[in-house]
Amino acid sequence: MAEEGTHGLWGDLHRPDLTPEQTDFSVIGIPFDGLASARKGAARAPERLRYWSRHLTPFSEDRTRLKDMTICDLGDIPITAPESDFVLVRQKVASLPNMPIILGGDHSVSIPVLQAQRERFKNQRLGILWVDAHPDLCDFFDGSRISHANTMRRALEFGIEPHDVCMVGLRSWEEQEIDLIENGGIHVYTAADVAERGMRKIADSVYNILNDCDVVHISLDIDCLDPSVAPGTGIPEFGGLTSRDVLTLIKSMQDLPLAGLDVVEIAPSLDPSESTVFAGLKIIMEYIAVVARKKH
């Protein structure tokens, strides 16, 4: 095996000679899992995603050529004190001139990312496609208001409207989340809904809702996938989405005004095969392909 990789970073899309102003995407790693409530390990995901990205080719699965898409990998933002360091994440993402691709980390790292997106598009409707086994709508969890179970609750407080949020793949709940889920105006599609109705119908419904927004951010927790597909995550939930479900959902957002992606909760140490890492990479590359097809 070529330890250094058969391609360059991000399947040859990384351009170290270019700045964010000159590229389509900025990749930022946030190697932090200190606010995960169960098994740790997600802090190592940015390193493993980058490592294996050198074995990717600059094509999507439908042979969309990605060679004209460019990435500026800005490295990692270390988190030692979340309350203060999350401010640095927010400031960095809010200042980007291009589209962020964020590598978690546990889902708490998406709190400053979503806050930054709200700031970037402060006079526009910001839609959120939330792909996750959990809604993360707790107000206070495990002694914290910024844990990985509080992410969407905090995002709503930043001014993201509930009717502009679509949650897909849900199948686990805390008592304190139920009222918002049932009465808060959020569009909820459980993993069971997907199994019964089919992802194509679910994706069409999501698209029609988010099409009313000015910009759309996708926040994807790898535990949206069934643990048979992606076991390397802190809280695997049985009965999840298939890999084809997730790819169909991402591709179905083709004509939406996409504005960013975060992929979180990949814990490489919990999956010796690293198939969970490869699942994350596939999702990232297919997201890039969606943007590429729209661009060209």
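Predicted model: local features only at pLDDT ≥ 70, side-chain atom pairs only at ≥ 80, totals over all residues.
Let's start in helix α9, where Lys 282 and Glu 286 sit 4 residues apart, so about one helical turn separates them. What do these two do with each other? They form a salt bridge, with the closest N and O atoms 3.7 Å apart. The spacing makes sense, because an α-helix has 3.6 residues a turn and residues three or four places apart point the same way.

How covered are the two partners? Lys 282 is partly exposed, at 36% relative accessibility, whereas Glu 286 is buried, at 1%. While we are on salt bridges, there is also a network to look at: Arg 44, Glu 47, Arg 48 and Glu 274 are joined into one by bridges that share partners.

Now, how many salt bridges turn up in the whole structure? The search finds 18. Let me show you two that reach across the chain.

One is between Glu 61 and Lys 251, whose closest N and O atoms are 2.3 Å apart. This pair links distant parts of the chain, 190 residues apart: Glu 61 is in the loop between α1 and β2, and Lys 251 is in helix α8, residues 243-252. Glu 61 has a relative accessible area of 30%, which makes it partly exposed. Lys 251 is partly exposed as well, at 24%.

The other joins the side chains of Asp 62 and Arg 293, at 3.2 Å from N to O. Here the partners are 231 residues apart, with Asp 62 in the loop between α1 and β2 and Arg 293 in helix α9, which spans residues 275-295. Asp 62 is partly exposed at 38% relative accessibility, and Arg 293 is partly exposed at 25%.

On to helix α3, residues 110-120. Is this helix mostly covered or mostly open? Mostly covered, with 8 of its 11 residues buried. If you want to find them on the screen, the buried ones include Ile 111, Pro 112, Val 113 and Leu 114. Gln 117 and Arg 118 are on that buried list too.

Last stop, the largest pocket. Its volume is about 230 Å³. Which residues lie nearest its centre? Those are His 134, Asp 136, His 148, Ala 149 and Ile 235, out of 20 residues that line the pocket. By class, the lining is made up of 6 nonpolar, 7 polar and 7 charged residues.

That's my tour, and I'm happy to go back to any of these spots.

Notes. Residues numbered from 1 in each chain as written. Heavy atoms only, no water. 1 Å grid on protein atoms, 1.4 Å probe; cavity = no way out; pocket = protein on both sides within 12 Å on 5 of 7 lines; lining within 4 Å. Points joined across faces, edges and corners; volume = space filled by probe spheres on them. Nonpolar A, V, L, I, M, F, W, Y, C, P; charged D, E, K, R; others polar. Buried < 20%, exposed > 50% of the residue type's maximum accessible area, 1.4 Å probe, protein only. Helix = DSSP H or I, 4+ residues; strand = E, 2+ residues; numbered from the N terminus. Salt bridge = Lys/Arg side-chain N within 4 Å of Asp/Glu carboxyl O.
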